[in-house]
Amino acid sequence: MSLDARTDVVDWPFHRTEDGEPAPILHELRKSPPCPVRIPEGAAESRRAWLVTRYADVRQALMDPRLSADETLPGAPVRIQIPPGQNPSSFLRLDDPEHARLRGMIQTEFTARRVRRLREPVQRLIDELLDELAGLPQPADLHAVFSRTLPTLVIARLLGVPEEDSAFFIEKTRTTISQESPAVSYVAFTEMSDYLAELARHKLRTPGDDLISRLAAQHYATGAISLDELVGIARLVLVAGHETTTNQIALNILGLLRDDTLRAQVAADDGALVPNYIEESMRYWSISQDAMVRQALEDLDLGGVAVAKGDAVVISVPAGNHDESVFACPGRIDPHRDTSGHLQWGYGPHYCQGAPLARLEMELSLRTLLRRFPDLRSAADPKTVFRRGTVFHGVTHLPVTW
């Protein structure tokens, strides 16, 4: 039956539980092939889409070149409340070969070798921020002082954004990805884009040892990319490098604060389980909750459903990461679990380039926090700290004592 002919259409996105876990309805939907959902009206008109929930189907959808990420195509589905324009918001919303061309321009920024060189600077930042935390009256907001600030400073230095402007891009990033008002989101998106364009022009005149300077000198000045493309790359690195890492660090910590047994396991043996715990925490929380949308370029079968050319597809990473056929007891954080196949980093051509840097920040921050604050405790009901109504799951604050 075609998508338009289906009568069993449900409204999407779904709300998480009070404990911040993926919506229970996803468990029921995984028992069946992709189902029809209604994308709400916002930056684009409301439309129907196939919702993909099973692990194998999610992987197929992320890999299949017949499912386009190109937001400039007529009728392309929109989730983040930014109206589609002539230029894509970033190469994340493009297909190959254009996606690969632009992605390749920052490939060397996130190699294992370059990230290793950042280890000492990142550790110094962590130590400075935790020194500041230690001197505050209790309770203190760990998110404001540490988990939100660390990735902000790291990504600002990587891009070449002046630290005094960090509050500006934090605000614009949050507003852009919020789902409260398409008009307000678009204004923030435009302001952030204008700021990055002016910064790129400045870096062209006065280059530094940073990503925007290298993009400006090596690619923009030579005509290899346009200013809009440079801004799109910088904006993606800024949003992805700040917003996702910020919230994942906080959720990694929250997972330990609400479970003393889990915390003891992770802290034992000088934190031997920290790397695996981080990957498992990413699987469990699945913060990229409902931002992945695609459009079919031709007819195809997806999980037993006949997807027609032009149909929209919504890919649910939280549903795939909680598929019981792949991850036993998925609603439990198990630091001993093999999580090598989790989907939080993406899969296929759009796999997250910043994964090595994010892993470095998360591992160093958690190891140092466990060592310096062995008696850290939550000072708020965990149910009250979660963000609601955004495309990336996370927290608003994280009060702690020690």
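Residues count as buried under 20% relative accessible area, as exposed over 50%, and as partly exposed in between, with a 1.4 Å probe and protein chains only. The views below come from a predicted model, in which local features need pLDDT of at least 70 and side-chain atom pairs count only at pLDDT 80 or more, whereas totals for chains, interfaces and linings use all residues. Residues are numbered from 1 along each chain as its sequence is written, and side-chain values use heavy atoms, with hydrogens and water left out.

**View A. Salt bridge between Asp334 and Arg332.** The two side chains meet at 4.0 Å, N to O, a salt bridge being a side-chain nitrogen of Lys or Arg within 4 Å of a carboxyl oxygen of Asp or Glu. Arg332 is partly exposed, with a relative accessible area of 45%, whereas Asp334, at 17%, is buried. Elsewhere, salt bridges that share partners join Glu98, Arg101 and Glu229 into one network, and the structure holds 24 salt bridges.

**View B. Salt bridge between Glu279 and Arg359.** The side chains meet at 2.7 Å, N to O; Glu279 lies in helix 13 and Arg359 in helix 15, so the pair ties together parts that are 80 residues apart in sequence. Helices (H or I, at least four residues) and strands (E, at least two) are DSSP runs, numbered from the N terminus. Glu279 is buried at 13% relative accessibility, while Arg359 is partly exposed at 33%.

**View C. Packing of helix 12 on helix 13.** Helix 12 (residues 260–271) and helix 13 (residues 274–285) pack at an angle of about 145°, their axes lying 9 Å apart; axes are lines fitted to C-alpha atoms, for helices over the stretch in contact, and angles run from 0 to 180 degrees between N-to-C directions. Leu262, Val266 and Gly271 of helix 12 meet Val274, Pro275 and Tyr277 of helix 13, contact meaning heavy atoms within 4.5 Å.

View D. Strand 2 (residues 35–39) and strand 3 (residues 47–52) pair in the antiparallel sense over five bridges, and Pro36 stands opposite Trp50 in strand 3.

Conventions. Two strands pair if DSSP finds at least two bridges between them.
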